[in-house]
Amino acid sequence: MTNRLWYARSEKCSDRFLHCLSQVPCGSLIAWIILLVGLGGLTGGLLIGAQKTRDMLDNDQFLWFMEYSLIGVVVSMFVIGTLLLCVGHVSTEPTSRHMFQTTKKNMCAQGLNVFLMVFCYLLGFSWIVASVVLAVPVYLLSLLYFADFTVTKNGVDTKCIHLVHYGLDKQDFCGADFQNFEREGKQLIISYIAALASSILIAISLIHYMIVISANLANLRNSRIATLNAYDDEMANSKLVADTTM
């Protein structure tokens, strides 16, 4: 507290700069930036990946829901991330000391942070599951690098892939069609790798938010204890003064 006041009243530019930095919720801000980077990569990776997948399979209805789902998910996560940033700011010192100075306000702030902690935990688990789901197309496309698709037809060896074996529509690509499919698939895997990495980044940002919320909860509890101790000291001093007067 004394150091912050000294930095605020100092005439040096560096000290003023340090005072300004002390007002910034760095932990929440870093988590928010990681979240935005993850959402941007996820949007680009899935949009490009879905379109290229349709072109590769020559099926315009494949993953038709992707764009609509992606809009809802990205907008929702942006709103949730911004809300977590705002709550993190008001729950971090020294802002929390001015906003939650009474015991009732402090308890409300603790309740809000506990709720957001549980919410972030569930949301983080959901994004870990989403990362596992996004790892499936990466694994399937990686088979184009490692698996041998050579089959014998009429005594002639040729490369052929049957998509029905991979849970897709009944489509076969053989010969020249397989070569085109293989080339497009090796280009497509980059988009899904970017989407997978972005999903992992979003999960990391939520874990970062949980760390920040835990620190804020500890700070709020310490502030409440300090307030109660100060109140008890004030009551004791008042009683002592009253006894002395008598």
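A residue is called buried when its relative accessible area is under 20%, exposed when that area is over 50%, and partly exposed in between, using a 1.4 Å probe and the protein chains only. With that in hand, Asp58 counts as exposed, because its relative accessibility is 70%. Asp58 sits in the loop between H3 and H4, and its phi is near 55°, a positive value in a residue other than glycine.

A word on where these values come from. The model is a predicted one, so local features need pLDDT of at least 70 and side-chain atom pairs count only at pLDDT 80 or more, while totals for chains, interfaces and linings use all residues. Residues are numbered from 1 along each chain as its sequence is written, and side-chain values use heavy atoms, with hydrogens and water left out.

Now for the overall layout. The chain has 7 helices and 3 strands; here helices (H or I, at least four residues) and strands (E, at least two) are DSSP runs, numbered from the N terminus. Going along the sequence, the pattern reads α-α-α-α-α-α-β-β-β-α. Of the 246 residues in the chain, 32% are buried.

Next comes the empty space. Rolling a probe the size of a water molecule over the atoms shows where such space is left. A pocket is worked out on a 1 Å grid over the protein atoms alone, as an open set of points with protein on both sides within 12 Å along at least five of seven lines, whereas a cavity is a set of points where a 1.4 Å probe fits but cannot get out; lining residues have an atom within 4 Å of a point. The largest pocket has a volume of about 720 Å³, where a volume is the space filled by probe spheres set on the points, and grid points are joined across faces, edges and corners.

What lines this pocket? There are 30 lining residues, and Leu63, Met66, Val133, Pro137 and Tyr192 lie nearest the centre. Helices H3 (26-57), H4 (66-90), H6 (103-146) and H7 (176-245) each supply at least two residues of the lining, with the largest share, 10 residues, coming from H6. By type, the lining splits into 28 nonpolar, 2 polar and no charged residues. For this sorting, Ala, Val, Leu, Ile, Met, Phe, Trp, Tyr, Cys and Pro are nonpolar, Asp, Glu, Lys and Arg are charged, and the others, Gly among them, are polar.

Side chains of opposite charge can pair when their charged atoms come close. A salt bridge is counted when a side-chain nitrogen of Lys or Arg is within 4 Å of a carboxyl oxygen of Asp or Glu, and the whole structure holds 2 of them. One joins Glu67 and Arg54, at 3.1 Å from N to O. This pair links distant parts of the chain, with Glu67 in helix H4 and Arg54 in helix H3, 13 residues apart. Glu67 is partly exposed because its relative accessible area is 25%, whereas Arg54, at 6%, is buried.

The other salt bridge is between Glu182 and Lys186, at 3.5 Å from N to O. Both residues lie in helix H7, 4 residues apart, which is about one turn of the helix. Glu182 has a relative accessibility of 17%, so it counts as buried, while Lys186, at 29%, is partly exposed.
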